[in-house]
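Subject: Handover of a protein structure

Dear colleague,

Please find the structure below, followed by an account of what was found in it.

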Amino acid sequence: MLKNGATTVWERWNGYTKENGFEDPEMNSFNHYSLGSCVEWLYSYVLGIKLSAETDVVKIAPSFGKKIAFARGGTRLKGGKIFVSWKRENGAIILQVTADEGVNYEIASSGEIMSVAKNGNDTVAVVNV
């Protein structure tokens with residue numbers, strides 16, 4: 001998909017190839033939600049980037065699963081870009097959020113937030129889980 005210029009997940013892995021052109025046009029979505037729903041879970045739950053229809057504040061609330069050691073990723077929003085990363089370190093979670101000036105966010109955690117260091121629109125929080 002990427003080799004052929006895709007920016008979304010295709011219904012078929014071989015939906016288009018330079019060698020063979022388009023696969024079956026009757027069943028060839030180039031923006032296939034069933035596979036993209038996995039990506040929504042990664043953004044909303046693993047990274048914790050939760051958008052609100054009522055407010056322009058992005059809630060950052062990752063679900064720190066027991067088997068995941070770290071996560072990092074970001075996205076573009078109406079006000080700019082936001083990047084979230086977290087990792088397990090010495091029995092705690094180090095959560096870092098970097099956002100453009102036009103992105104308003106708040107950190108909400110299921111664990112106890114032990115410390116927060118803020119520098120402009122960048123935040124590092126230590127969370128006890």
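Which residues make a nonpolar surface patch? Trp41, Leu42 and Tyr45 make the patch, and its area is about 320 Å². A patch here consists of residues with over 30% relative accessible area and no salt bridge, where like charges are joined within 9 Å and nonpolar side chains (Val, Leu, Ile, Met, Phe, Trp, Tyr) within 5 Å. Accessible areas come from the Shrake-Rupley method with a 1.4 Å probe, and for residues only the protein chains shown count as cover. Trp41 belongs to helix H1, which covers residues 33–46. With a relative accessibility of 46%, Trp41 is partly exposed; the term buried stands for under 20% relative accessible area, exposed for over 50%, and partly exposed for values in between (1.4 Å probe, protein chains only).

Please note that this is a predicted model, in which local features need pLDDT of at least 70 and side-chain atom pairs count only at pLDDT 80 or more, while totals for chains, interfaces and linings use all residues. Residues are numbered from 1 along each chain as its sequence is written, and side-chain values use heavy atoms, with hydrogens and water left out.

Overall form

The protein has one helix and 10 strands, in the order β-β-α-β-β-β-β-β-β-β-β along the sequence. Helices (H or I, at least four residues) and strands (E, at least two) are DSSP runs, numbered from the N terminus. The radius of gyration is 18 Å, whereas a compact globule of 129 residues would have one near 14 Å; the radius is taken over C-alpha atoms, and the globule rule is 2.2 Å times the number of residues to the power 0.38. Along the principal axes, the C-alpha atoms fill a box of roughly 55 × 35 × 25 Å. Of the 129 residues, 26% are buried.

Strands and hairpins

Two strands pair if DSSP finds at least two bridges between them. E3 pairs with E4 (residues 57–60) in the antiparallel sense over two bridges, and Lys50 is opposite Lys59 in E4.

Strand E6 (residues 80–89) is joined by eight bridges to the antiparallel strand E5 (residues 70–77). Here Arg72 has Ser85 in E6 as its bridge partner, and a hairpin of two residues connects E5 to E6. Eight bridges also join E6 to E7 (residues 92–99), again in an antiparallel arrangement; Lys87 is partnered by Ile94 in E7.

How many salt bridges does a search of the whole structure find? The search finds one, between the side chains of Lys87 and Glu89, at 3.2 Å from N to O. A salt bridge requires a side-chain nitrogen of Lys or Arg within 4 Å of a carboxyl oxygen of Asp or Glu. Lys87 is partly exposed at 40% relative accessible area, and Glu89 is partly exposed at 36%.

Asn90 lies in the loop between E6 and E7, which form a hairpin with two residues between them. Its phi is near 50°, a positive value in a residue other than glycine. Asn90 is exposed, with a relative accessibility of 79%.

Yours sincerely
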